Protein chains: 2
Amino acid sequence: MTKDCPRDRIVEAAKCRFSHFGYGKTTMAEVASDCEMSPGNLYRFFPGKLDIAEAIARTDYEHHLAHLRKLALAPGKDARERLRDLLFEVLRRTYHKLEKDPRALEMAQVISRERPQFANWMLANERKIIVELMEEAERRGEPMPPLDKEESAEMIQAATMKFRYPQLWSKLTLPKLERELDGVLKLLIQGLCPLNYAETRERELARQSAAAAA
Amino acid sequence: MTKDCPRDRIVEAAKCRFSHFGYGKTTMAEVASDCEMSPGNLYRFFPGKLDIAEAIARTDYEHHLAHLRKLALAPGKDARERLRDLLFEVLRRTYHKLEKDPRALEMAQVISRERPQFANWMLANERKIIVELMEEAERRGEPMPPLDKEESAEMIQAATMKFRYPQLWSKLTLPKLERELDGVLKLLIQGLCPLNYAETRERELARQSAAAAA
DNA sequence: AGATTGAATGGTTTGTTGATTATTTAGAAA
DNA sequence: TTTCTAAATAATCAACAAACCATTCAATCT
């Protein structure tokens, strides 16, 4: 099923080497010989070594994105749950990738140092999915706050930035991180404004007395 | 007014050198000769070079903390405004310090690499101030959400983490950062829950018709 | 005694040299 | 012509020595 064009063979060989020995310890000559070609020939398919790494990261990330999109549009869940699933998935993916393969960190660091655009592109993609999530909610007739969706998505991302950067995790375990993300999301959904709670409580009471009357 | 004890002279000399030439390019011998003492004698007052840097950072940070506490308890402003002032001040201080003196970044990085506890201590201090802010609001009779204050403070910090770490700012200007922090705060206060807006709108309408009737 | 020095120590940084390796390119093979 | 190779180039890395510097401590001063 997988295309057998030279480009794909290169990506495969490089992926194998990178995850085995690391980006830095893999030479173009090794990748080329795995593909039974000369080192120079690699450059007919990629501008440079870093672009191979980027291609690997890009396809991997695109699978992730597809998964996120599924979560964002999942039926039978309201917008709040879908947003929660989405952001939890982002956190878990980063955490597990790092745990399973510390070499992934090297590649991530190299790419985001040398290709800052790439990180921006990823953020923009996820922002787009959050917007789609909200549009879908509206389409389904879920009640939505009267806010600009683009801007809200940007703010949601800013507020959950901590859960994207392992450098900020300082030894926190996944459960602790999840508890924190959960708390942040609660705050983002419900807000700190006391009015929100007052009204919610009134509604609760009203619902309870309605139930008692019936 | 400033005590003239050797310890303070050392701190002064080191502060001057560090901000002029950087932490790495300053030698203990230089600091000692600025204080007209031998290098060895520095160790009667500090366990090591890093501790001098930490002492400098600590006093500077304590001024900042005092300022934050003033903002947190400022009269004539409600809790929302005080929280806003507090978080904006944290952002602005970091931004301006960095802009004015790029060597401050080196020191901050060295300290938080070698003394991770220090960063935690700073965060804990600010969390305490946020709790105090909320307690003060309660004392003043401002309506408050029925939430655990410690936990809320933790979540507020997590959600505004991005504005504490220049590495996450990727070339954003201060106005852009401020606009983003503003957006995040709006979301934290008001929440994304559509109910909040529905109720708020109802209140608005009620207030308007009351005004019209009068 | 306690305070201070400055030479001795050992760990780290710096600078240099010789590989190693990414990238280019002239030209061979198809 | 298009696809590829392999030698040439240039950039980066690794290893080793020299210099430097944080820290210690035996000796000196007060």
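## What meets the DNA

How many nonpolar, polar and charged residues does the surface near DNA strand C have? In this predicted model, that surface has six nonpolar, six polar and two charged residues. So much for class; now for who they are. In total, 14 residues surround DNA strand C, and the closest are A:Thr27, A:Met28, A:Gly40, A:Gly48 and B:Gly40.

The largest share, three residues, comes from α3(B).

## Chain A from end to end

Chain A has ten helices and zero strands. Its C-alpha trace spans about 80 × 40 × 30 Å along the principal axes. The radius of gyration is 22 Å, while a compact globule of 214 residues would come in near 17 Å. As for burial, 26% of the 214 residues of chain A count as buried.

## A helix to follow: α4

Take α4 of chain A, residues 49–73. This helix has 25 residues and reaches 37 Å from its first C-alpha to its last, close to the expected 36 Å. Buried in α4(A) are A:Ile52, A:Ala53, A:Glu54, A:Ala57, A:Leu68, A:Leu71 and A:Ala72. Their cover includes α1 (6–21), α5 (79–100), α6 (102–114) and α7 (116–139) of chain A.

## The nonpolar core

The largest nonpolar core has 52 residues, and those touching the most other members are A:Ala159, A:Val184, A:Leu188, B:Ala159, B:Val184 and B:Leu188. Leaving out residues up to four places away in sequence, A:Val184 touches A:Ala159 and A:Thr160, along with B:Met155, B:Ala158 and B:Ala159.

Key:
Residues are numbered from 1 along each chain as its sequence is written. Chains are lettered from A and ligands numbered from 1 in the order in which they are written. This is a predicted model: local features need pLDDT of at least 70, side-chain atom pairs count only at pLDDT 80 or more; totals for chains, interfaces and linings use all residues. A residue is near a molecule or strand if its C-beta atom, placed from the backbone, lies within 6 Å of it. Helices (H or I, at least four residues) and strands (E, at least two) are DSSP runs, numbered from the N terminus. Ala, Val, Leu, Ile, Met, Phe, Trp, Tyr, Cys and Pro count as nonpolar, Asp, Glu, Lys and Arg as charged, and the others, Gly among them, as polar. A nonpolar core is a set of buried Ala, Val, Leu, Ile, Met, Phe, Trp, Tyr and Cys residues joined through C-beta atoms within 7 Å. A residue is buried if 20 or more other C-beta atoms lie within 10 Å of its own, exposed if 12 or fewer, and partly exposed in between; C-beta atoms are placed from the backbone. Two residues are in contact if their C-beta atoms, placed from the backbone, lie within 7 Å. The expected span of a helix is 1.5 Å times one less than its number of residues. The radius of gyration is taken over C-alpha atoms; the globule rule is 2.2 Å times the number of residues to the power 0.38.
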